Amino acid sequence: MATTEIAVHGSARDAERKPIVNDFSIQVATANGSGSQSANSILLRTIFQMGVPVSGKNLFPSNIAGLPTWYTIRASKQGYIARKKEIDFVVAMNAETAKEDVLALAPGAAVLYDEPLKLNELRDDLTFYAVPYDKLTAAVCPEAKLRKLVKNMIYVGVMAQLLGLEMVEVEKALRKQFAKKVKAADLNWNAAKAGYDYAVASLTKADPFTIERMDKTAGMIIIDGNSAAAMGCMFAGVTVVTWYPITPSSSLVETLIDYMKAYRVGPDGKATFAIVQAEDELAAIGMVLGAGWAGARAMTATAGPGISLMAEFAGLGYYVEIPGVIWDVQRVGPSTGLPTRTSQGDIEFVAKLSHGDTFHPMLLPCSVAECFSMANEAFNLAEQLQTPVFVMSDLDLGMNNWMSEPFEYPKDPINRGKVLTKEDLDRLGGFSRYKDVDGDGVGYRTLPGTDHPSAAWFARGSGHNEKSQYSERPDDYQNNLDRLLHKFDNARNVVPKPDLVRNDGNDVGIIAYGTSHHALVETLDQLQNEHGVKADYLRLRAYPFAREIHEFIAAHKRVYIVDQNRDGQMFQLLKLDIPVEEIIKLRSVRHYNGLPLDARTVTDEIVFQESK
Amino acid sequence: MSSTATATPQPKTNRIGLTVLDYRGGKTTLCAGCGHNAISERIIDAFYDMGIGPERVVKMSGIGCSSKSPAYFMSRSHSFNSVHGRMPSVTTGAVLANSRVIALGVSGDGDTASIGIGQFVHLMRRNLPLIYIIEDNGVYGLTKGQFSATADLGSKLKTGVINDLPPIDTCALAISLGATFVGRSFSGDKRQLHTMLKAALAHRGTVLIDVVSPCVTFNDHEGSTKSYKFMKDHEEPLHDLNFVPAFDEIDVEYDEGTTVNVTMHDGSSLRLRKLEEDYDPTDKIAAVKRLMESDAADEVLTGILYLNTQAPNFIEMLNMTDEPLATLPESVTRPSRKVLEECMEELR
């Protein structure tokens, strides 16, 4: 199957001799809807609880039940949490893909399989373990209709025994997973134990992969990016949330609903928010603009197809100058274009979303911690700049579980930007909505309902003068566009600064953003350790590009821009932004097969381009 | 003639001390004789009469001749000229942010029934507190006279093109979908529209008023079913409307046999004097049936077609805090450090 490639281990015999501790990947192949998610989470969490850095990726189809799905778990003592290209241990639960999965493995890998599949007959350079799932499941689960779900817990027990996972941690993870559902927890725990006991009695460890306790995860949390974003929005003081369900963003709002119900309802039972499921994304963004105009902290969450529908309103938001936050949890292309696979495919589109001359600020979270912190930054920026701000997450970040340091309470207070009150108007006598009083391109606004005869202004498209009166005068139009450009240019100074991960004066510089970061950290090591190439690395955190990004490009001879899209979208935006004589330095590294980026892909491509 | 100076007469004011000039807007740029200008006048009168401070109002619109009109009344109100067909969503957002504002949406037949039908039907379902006026002339004015989706079957354009598709009856749709105050009027029926608008201001829920408003430039000719002449010949009022505001101390007696009295949300009384037998404006099914009958009879039925003062509105359903969300302080909208610590602990 396409998610695995030939690994670079030694032969099977080599592998048997050298134990491989806390540095391998497991792939569980199941059918969608078979309930394997709980089992996989328990495996992931058990490794995490044993102090070993771990990451999990769910590679799932756009389907409710039946189609193949894979879950990869990577344990990494070095702390690498990007997807690992090579698979070391396959848990083959899906007859449909088992053969292909096994044939794709590198020699030395291990396979846990359902006995009747007889996968051991396929190859002799792998380690095979057969498990009679049906027999074991029947013994612990008298109720036939539950067996399909409980079956998964058998492999958790078997894997625990084979990998050296502590059963006390397995039980802890399992009970956390089932929370208050004690009966379900007991049933599943019995299944896990049955798997463990079977492995003790019937299997002989013959592969090198083991987990040993470390202390690298103490105090850390595990959360998916969408939940982190939801929590961030709650702490950012969001008040109006509108949305239309779309993978992979739906869980962001669904989790937000849970958080808001838990923590944003007053003692009188009254909500300090409104959450509305709109009829489509057109309405969702329209509501955001209406609410932002009227003074709410308003947001929506969507993915590419929704962004397409929002284009006209995004432009209106830019020209009327209304704050709003749009989370784009990116996936690949239109219609049924792999809706459950990740990409950074909307970067160029969002940067200029709408007709007419338009620019939108984008924040680029790379981690769950940034999903949390950038929520607050996005709302503050939107109100400071009076413009829609897009937060460009992706499916990999949004829907997968990531370990993280606990989130820090927002440092910045809520910044409502330039809003004039009745008292201000009493003092000033009046105001001009679009007059650049402070020289930063941002005018002052009033909110509807402000009880002052001079408070009102007329929100309309691009054809208006400083007083927000309708105007078709050429100078009014051009002055307005120039001020907006000045405002956007000035935003370079207020958006989050890039992260200069390494800047040691090397010839080679790398620029990446979002989830590519985790592969890049590993790529830097691979380049250095395997190829003797030392590279500097800057992680973009926002668009428009801050001054530091131009300086980074100026200071390097060759600069690789890593994009998770075919067209090198960030590469293109950078080309437009830097001095023309610098463009020749830029080189594009592109990954676009729908899978989360892995370090090997980037390393190989940079090494190849360096050799040219 | 007296030689002493006479005191300048005090301009007439409403109950909050404003003159009708305080409700004026910019000079209209619509065609002379456009029905929309008459509607703007009725809006001014109704808000003035009801003594509603213009600062409490938001004027919302989409795109089209109708949607330009908010610039021509109540300049002291915030206003939002949004994009084509999307006034409902923008208004919904504004009302969520500040449920204390009085939202007045002005749209056209193309803006509502053609490009905006999606947002229109979903707005009606929500019963958001809002007065939604369709300035309905059956054609696109700004793009020079193409049919919209409310154009009647057989109606003729100036160019001779005949409309061969059935119209969308926005009132029948609104009634079936959940709007709680649905009326139809005619821009030339000054008294009826004025009364209907005052009643609308006493209602807390979605008010949909489809006002036939002839386009003097593109759809007022022989063969048009949205012309002044056609309306004069075919308008069929359901009842004679009277409105007694809650703040009005003087009550007028009415005949219970011929007049239906409805107590509005703010305590005002709406009196509907029957012009035909047994029309019950609270009967949804009968209302839709009557609309269909009038359509078949080539009549334009006007009046308050449906009224429901019992249904909860969208704001009530959301059970929000009384203070507008827009102005809630950080102490209310940002949970404490303790809450974050609690969230973190659950994820360890």
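This note walks through the fold of chain A point by point.

1. A word on the source: this is a predicted model, where local features need pLDDT of at least 70 and side-chain atom pairs count only at pLDDT 80 or more, while totals for chains, interfaces and linings use all residues. Residues are numbered from 1 along each chain as its sequence is written, and chains are lettered from A, with ligands numbered from 1, in the order in which they are written.

2. For the overall form, the C-alpha trace of chain A spans about 85 × 65 × 40 Å along its principal axes. Of its 612 residues, 56% count as buried (20 or more other C-beta atoms within 10 Å of the residue's own, with C-beta atoms placed from the backbone).

3. You will find 21 helices and 25 strands in chain A; these are DSSP runs, H or I of at least four residues for helices and E of at least two for strands, numbered from the N terminus.

4. An automatic or database domain assignment divides chain A into domain 1 (12-210), domain 2 (223-404), domain 3 (419-491) and domain 4 (499-610). The centres of domain 1 and domain 3 of chain A, taken over C-alpha atoms, are 60 Å apart.

5. Do look at helix α10 (residues 281-293) and helix α12 (residues 311-320) of chain A, whose axes come within 9 Å. Axes here are lines fitted to C-alpha atoms over the stretch in contact. In α10(A), Leu282(A), Ile285(A), Gly286(A) and Leu289(A) meet Phe313(A), Ala314(A), Leu316(A) and Gly317(A) of α12(A), a contact being C-beta atoms, placed from the backbone, within 7 Å.

Notes. Buried ≥ 20, exposed ≤ 12 C-beta atoms within 10 Å, placed from the backbone. Axes fitted to C-alpha atoms, helices over the stretch in contact; angles between N-to-C directions. Contact = placed C-beta atoms within 7 Å.
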